[in-house]
Amino acid sequence: MTIMSPIRSSRRILIRAAACHHKPTTVHGPIPHPLSTGGQKVALQSVPIRVRPAFNIDILRRVNGLRRDASGSAQLPVKGGGSPLGEDEVRRPVLANQTQTAAMTGTSGAHGDAAAHGDGEHSRRDFLTIMAGSWALVGGAAALWPMIDQMNPDANTRALSTIEVDLAPIKPGQAVTVLWQGKAVFIRNRTEDEIKKAQATPVDQLKDTTAQNLALPDDADAKDENRVKAGKANWLVLVGVCTHLGCIPKGQSPGDVRGEYGGWFCPCHGSQYDTSGRIRKGPAPLNLQVPPYAFLTDTKIKIG
């Protein structure tokens, strides 16, 4: 009888033991006694071997040089023209390893439930983040509003945006000065002679041919009718600021110098205005401005 090669026998026993992956397995097989002599037969003893499934692939690799091809399947090398091991002997340890891998990575139905639970957590977190940001924005706006509101004009300033003036005390040829929005406003009750002179002046002889009336279009011409209210030609209302450098022209008081045209005279640089408040001579480029105003009654006006 031929003595079985000790190494080959051990390999077969270990391969079969590695294929058992459900529970630790006791394997009985012929294990050669370590002592043998030349051509003598030696007694073989059956020794139980316990193999744990977690080390199946490691045992196969260590014994047979197990490797995986490019497709991921397990193969056993074939030496000396021998036939490969049975299909079951190779497949079962690989399946065991795949089962263990799936258990470790958690690729089961429970994993899907956990992912869905995680999505719900993210949705709640996003909702809370948006709500917190919205409340922070509202709170910031509420805190800033008092500081913004204090920059608005106070009640006294708003009250001065419009003023009412009683014209009854002003006699023909007289003038008064009132304050509107921090600017001097000239109000003159013109005489018939002053009205005629203003109306007789051709527009093309004027230095500024525009009306400069805030109640009219910018391109309205500077004829006297566009500088007063219809039917109230005797009342002339002007912003009393020289259009050159912002001086206050003379001409409101009876003893003031009114210049060559009987209106107003600016002593700073010699600008002269006629009885309609139009620039006739001097460096001033524009006519005196007519502010927005309206007659509340025949003897009362509202400016602004």
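## Salt bridges

The count of salt bridges in this protein comes to 8. The model is a predicted one. One of these bridges joins the side chains of Arg188 and Glu194, with an N to O distance of 3.8 Å. Arg188 has a relative accessible area of 0% and is buried. Glu194 also counts as buried, at 11% relative accessibility. Both values fall under the 20% limit that defines a buried residue. Arg188 and Glu194 belong, together with Arg258, to a network of salt bridges.

Asp298 and Lys232 meet in another salt bridge, at 3.0 Å from N to O. This pair links distant parts of the chain, since the two residues lie 66 residues apart. Asp298 sits in the loop between β14 (293–297) and β15 (300–303), and Lys232 in the loop between α6 (192–200) and β10. Asp298 counts as exposed, at 56% relative accessibility. In a further salt bridge, Arg280 pairs with Asp274, and their closest N and O atoms are 3.4 Å apart. Asp274 counts as buried, with a relative accessibility of 3%.

## A three-stranded sheet

An open sheet is formed by 3 strands in the order β8-β9-β10, with antiparallel pairing. β8 (175–180) and β10 (235–239) each have a single partner strand, so they stand at the edges and one side of each is left without a neighbour in the sheet. On average, and ignoring direction, neighbouring strands of this sheet are turned by 20 degrees against each other.

Between β8 and β9 (residues 183–189), which run antiparallel, there are 6 bridges. Val176 has Ile187 in β9 as its bridge partner.

## Surface and nonpolar patch

The accessible surface of the protein is about 19,200 Å², and carbon and sulfur atoms account for 58% of it. On this surface, Phe127, Leu128, Met131, Trp135 and Val138 make a nonpolar patch of about 580 Å².

Phe127 is placed in helix α4 (residues 109–149). With a relative accessible area of 51%, Phe127 is exposed; the limit for that class is over 50%.

## Overall make-up

The protein has 6 helices and 15 strands. Its length is 304 residues, and 28% of them count as buried. Taking the contacts between residues at least 6 apart in sequence, 51% join residues at least 24 apart.

How values were computed. Residues are numbered from 1 along each chain as its sequence is written. This is a predicted model: local features need pLDDT of at least 70, side-chain atom pairs count only at pLDDT 80 or more; totals for chains, interfaces and linings use all residues. Side-chain values use heavy atoms; hydrogens and water are left out. Two strands pair if DSSP finds at least two bridges between them. Helices (H or I, at least four residues) and strands (E, at least two) are DSSP runs, numbered from the N terminus. Axes are lines fitted to C-alpha atoms, for helices over the stretch in contact, and angles run from 0 to 180 degrees between N-to-C directions. Buried means under 20% relative accessible area, exposed over 50%, partly exposed in between (1.4 Å probe, protein chains only). Contact means heavy atoms within 4.5 Å. Accessible areas come from the Shrake-Rupley method with a 1.4 Å probe; for residues, only the protein chains shown count as cover. Patches are made of residues with over 30% relative accessible area and no salt bridge: like charges are joined within 9 Å, nonpolar side chains (Val, Leu, Ile, Met, Phe, Trp, Tyr) within 5 Å. A salt bridge is a side-chain nitrogen of Lys or Arg within 4 Å of a carboxyl oxygen of Asp or Glu.
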